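Student: Please take a close look at one part of this model for me: the charged side chains and their surroundings. I'd like it as one connected story, with the cut-offs spelled out as you go.

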Amino acid sequence: SSRWITVPHAPVRILWDWIGVMVLFYDLVTVPLDLAFGEGMSDGTRPGVLATLCYWSLDIPASFLVGYVRPDGQLVMKASMVAKRYAKTWLLWDIFLAGTEWISLTV
């Protein structure tokens, strides 16, 4: 167990996940509207887009710092196992999504 790894049910992690739910809902509404009717970000939507992008970007390293529960109910808190699991599941997808969004902002 690493001192940097937190349990998935820690209050700070639950708060982070709830913020993620709100960010996801924001993205689910604004991204399709922007694709359908927008011609890029307006000054009014830019802060929201940047805030959500910062959240998703910070969620990548944060995901390396939270343990998980195995199907047999065992709590896994070993940093190498947490990193390996994240790398095998969501890491590439998260980097792809956040990376393409950062690139689209700079082009």
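Tutor: Here's a walk from the whole chain down to the charged side chains.

First, some housekeeping. This is a predicted model, so to speak of local features we need pLDDT of at least 70, and side-chain atom pairs count only at pLDDT 80 or more, while totals for chains, interfaces and linings use all residues. Residues are numbered from 1 along each chain as its sequence is written, and side-chain values use heavy atoms, leaving out hydrogens and water.

The chain has 4 helices and 2 strands (DSSP runs numbered from the N terminus: H or I of at least four residues for helices, E of at least two for strands). From the N terminus, the order is α-α-β-β-α-α. Of the 107 residues, 25% are buried (buried is under 20% relative accessible area, exposed is over 50%, partly exposed is in between, with a 1.4 Å probe and protein chains only).

Now the charges. There are 8 positive and 9 negative side chains, with the centres of the two sets 20 Å apart. Lys and Arg count as positive, Asp and Glu as negative, and His and the chain ends are not counted; each charge is placed at NZ of Lys, CZ of Arg, CG of Asp or CD of Glu. Searching the whole structure turns up 3 salt bridges (a side-chain nitrogen of Lys or Arg within 4 Å of a carboxyl oxygen of Asp or Glu).

Start with Arg-13, which counts as buried at 12% relative accessibility. One of its partners is Asp-17, with the closest N and O atoms 3.2 Å apart. Both sit in helix α1, 4 residues apart, about one turn of the helix. In general, an α-helix has 3.6 residues a turn, so residues three or four places apart point the same way. Asp-17 is partly exposed, at 33% relative accessibility.

Arg-13 also makes a salt bridge with Asp-59, at 3.9 Å from N to O. Since Arg-13 is in α1 and Asp-59 in α2, this pair ties together parts that lie 46 residues apart in sequence. Asp-59 is buried, at 12% relative accessibility.

Elsewhere, Asp-72 and Arg-70 pair up at 2.5 Å, N to O. Here Asp-72 is exposed, at 52% relative accessibility, and Arg-70 is partly exposed, at 30%. Shared partners join Arg-13, Asp-17 and Asp-59 into one network.

For α2, residues 46–63, it's 18 residues and 26 Å, close to the 26 Å expected (1.5 Å times one less than the number of residues). Buried in α1 are Arg-13, Gly-20, Val-23 and Asp-27, and these buried residues pack against α2. In α2 the buried residues include Val-49, Leu-53, Tyr-55, Asp-59 and Ile-60, and their cover includes α1, α3 and α4.

That leaves Asp-94, in helix α4. Asp-94 is buried yet has no salt bridge, as Arg-13, the nearest side chain of opposite charge, is 8.5 Å away. Setting aside neighbours within four places in sequence, Asp-94 is in contact with Ile-60 and Tyr-86 (contact means heavy atoms within 4.5 Å).
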